[in-house]
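Reader: I'd like to learn how to read a model like this feature by feature. Could you take me through it?

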Amino acid sequence: MPALGCCVDAAVSPPPYAFAGWDSTLPAPPPTNTAAWSPAHSAMLYRVDGWGEPYFAVNSNGNVSVRPYGADTLAHQEIDLLKVVKKASDPKKSGGLGLQLPIVVRFPDVLKNRLESLQSCFDFAIQSQGYQAHYQGVYPVKCNQDKFVVEDIVKFGSGFRFGLEAGSKPELLLAMSSLCNGSPEALLVCNGFKDVEYISLALIARKLHLNTVIVLEQEEELDIVINVSKKLGVRPVIGLRAKLRTKHSGHFGSTSGEKGKFGLTTTQILRVIKKLQQYEMLDCLQLLHFHIGSQIPSTSLLADGVGEAAQVYCELVRLGACMRVIDIGGGLGIDYDGSKSQDSDISVGYSLQEYASAVVEAVRTVCDRKGVKHPVMCSESGRAIVSHHSILVFEAVSASSHDSNQISSHELQCFVERLTGEALADYRNFSAAAIRGEYDTCLLHAENLKQRCVDQFKEGSLEMEHLAAADGLCELVSKAIGVSDPIHTYHVNLSIFTSIPDFWGIGQLFPIIPIHRLDEKPSVRGILSDLTCDSDGKIDKFIGGESSLPLHKLEGPYYMGMFLGGAYEEALGGFHNLFGGPSVVRVSQSDGPHSFAVTRAMPGPSCGDVLRVMQHEPELMFQTLKHRVEEFADGDAGSIMALTNGIACSFNNMPYLAAADSCRLTAAVDGGNNVYYYCDDESFGSSGDSVVGVEEEQWSYCLA
């Protein structure tokens, strides 16, 4: 840093021309060898090979590619995610679908592969260990209640009796309807707190020949089951949820253990047994359910909890219950950061096969020791099933940093001339420290100078230009010393509260990376700031313990993806600032030229849709504004109609930012030089169209 010292004179105020050469005399950063950067470097930088295996990779074009069949995906079957986004978002006249970002891209092939992988891992563990019963899982619909997600799971899982789990009355209705098209052996597990109506629905499901099990979460629910089953003339199948002593200490283990939110204690279980005996219904008790907690970090903890539950199961058999199924609940974790760590809430230290083998071994060991017939094994692995199949894609629309503008010789001269008293003393001390090469002291005096300038500005004795010069001088010194904050803020067309609520609510981290330009070396680091008017609407923590993300400079559209977010995020998202959910496309692998086909596309909720959620009436709001236009707007009938149509279009468009070339309001000038806006016939309504012929209702008065 000798250049800093040679530019100043400690004895007097340095001539301003000396500072003009600072930028040119500072040591230049090492040149960026962009030619040496490859997609493989980006895959390593963003840990894609860790959290993305086996479904995501970086292809030779520098784009994220999706492997719909996991490890069995052939090279020509990989799907370029950027091409999917372009197909979805390009205008219809260019061959696209005209959808607005943000977009959730669903891959049902990945969903199918996850189901098959889970089943095959349990099948292998059962066969290799000589287990004498089968595995059949259920999907907890709370993870993602989307119609097509649930229907896909029922369809893909029908061959191996895959069922559904419901935790509320709407979820139960959803599950009942969906399982009408599933395997007759598929379980319909009814969890959650229950009232008479919930239990009546579950018993009606048994009348409809659905394999329904009512799991007791509270002891009091048994009385309702007994009374309602007698009235309906239905013999119920009952399960109970046990509160285990085993508990994991992470965030997701808060509902487990003796003091957990759900389940029955040992004493309560014994009372349930006694009451069922009194009513000659002990044969109805057939399932034991428990839940160690989500994101179980290790197989040792898993085996401990499953082993304890297996002991409870064997005791229920000893007490005369006709036990048939052990439901190990959820907990199969996702490696969100690719670290394969047992000491993290966002990672797990085991593979899918190791998980299944640990469960089977724990149950088999206890049952063999007790001489109890091996039960049918069930799990409720929602997060592990749906997380990978869904990708949230959004665009960075601008970027900013705290860098100050470079100060010119003239600006510096004016700045120095205005300095007096203590501010001038700070400047001279700063200069002297620079000459001596005492860079920490130099920075300290520069910051003192800046603060005195701020105080003078607040008092009204310093003009804005001189305050900016003080900022520029401090930034220049910081850069020269190497302590300047290089973090940029990338503004993204997204609502974190709506689309990534777990990050805001519980600090859940997801892999977030650019989905293209990965053959280029990132040149800046940044955090992400969303569209909402809320200071919490930012992402400043990333996987790997990073407080910023390597990014590329904005040069044209810059698309980013959040991965492994298929569970919970859509169900939990709210309407902060009245930003609704994203558009959705459903993409399947095909043998076409781009290896994919969009089988369904739906636009996100419009401004009118989200207003209705908050009890507003968009039609009446429009009429109010229409009358206001007619009363106060200048111009002829044509311009008034154009303004009215423009308002109508806004009600029907998504709340998110739209690209300038896709805006449906076009400026025009009438004969009197009055500027007004009209709705383009060709583009209007394109956000309301869906592929596969799903019609979106349009307001009758939206006429261009």
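Reader: How many aromatic pairs does a search of the whole structure find?

Author: Ground rules before the count. This is a predicted model, where local features need pLDDT of at least 70 and side-chain atom pairs count only at pLDDT 80 or more, while totals for chains, interfaces and linings use all residues. Residues are numbered from 1 along each chain as its sequence is written, and side-chain values use heavy atoms, with hydrogens and water left out. As for pairing, rings of Phe, Tyr and Trp (its six-membered ring) pair if their centres lie within 6.5 Å; planes under 30 degrees apart are stacked, over 60 edge-to-face, and the rest tilted. The search of the whole structure turns up twelve such pairs. Take Phe-56 and Phe-563: with centres 5.1 Å apart and planes at 70°, the pair is edge-to-face.

Reader: Which parts does that pair tie together?

Author: Helices (H or I, at least four residues) and strands (E, at least two) are DSSP runs, numbered from the N terminus. Phe-56 belongs to strand S1 and Phe-563 to the loop between strand S19 (558–562) and H22, so the pair ties together parts 507 residues apart in sequence.

Reader: And is Phe-56 buried or exposed?

Author: Buried means under 20% relative accessible area, exposed over 50%, partly exposed in between (1.4 Å probe, protein chains only). Phe-56 has 2% relative accessibility, so it counts as buried, and Phe-563 is buried too, with a relative accessible area of 0%. Another edge-to-face pair is Tyr-336 with Phe-510, at 5.5 Å centre to centre and 90° between the planes. This pair also links distant parts of the chain, 174 residues apart: Tyr-336 sits in the loop between strand S11 (325–327) and H14, Phe-510 in the loop between helix H21 (501–506) and strand S15 (512–514). Tyr-336 is buried at 1%, and Phe-510 is buried at 5%. Ring pairs also join Phe-122, Tyr-135, Tyr-350 and Tyr-355 into a cluster.

Reader: Where does the charged end of Lys-147 sit?

Author: A charge sits over a ring if NZ of Lys or CZ of Arg is within 6 Å of the ring centre and within 35 degrees of the ring normal. For Lys-147, that ring belongs to Phe-148, with its centre 5.9 Å away. Likewise, Lys-194 has its charged end over the ring of Tyr-198, 5.7 Å from the centre.

Reader: On to cores. Which residues have the most contacts inside the largest nonpolar core?

Author: The general idea is that in soluble globular proteins, nonpolar side chains tend to be buried together. A nonpolar core here is a set of buried Ala, Val, Leu, Ile, Met, Phe, Trp, Tyr and Cys residues joined through side-chain atoms within 4.5 Å. The largest has 153 residues, and Tyr-139, Leu-528, Phe-563 and Val-585 have the most contacts inside it. Helix H14 (residues 352–370) gives the most to this core, ten residues. Apart from it lies another core, of 23 residues, including Phe-415, Leu-443, Leu-449 and Cys-453.

Reader: What does Val-585 touch?

Author: Contact means heavy atoms within 4.5 Å. Leaving out residues up to four places away in sequence, the partners of Val-585 include Val-84, Leu-99, Ile-103, Val-598 and Arg-600.

Reader: Last one: over which residues is the pLDDT below 50?

Author: pLDDT is the predictor's confidence in each residue, from 0 to 100. The chain averages 86, and 85% of the residues score at least 70. Residues 5–32 form one stretch below 50, and residues 663–704 are also below 50. Where pLDDT is low, the predicted coordinates should not be read in detail.
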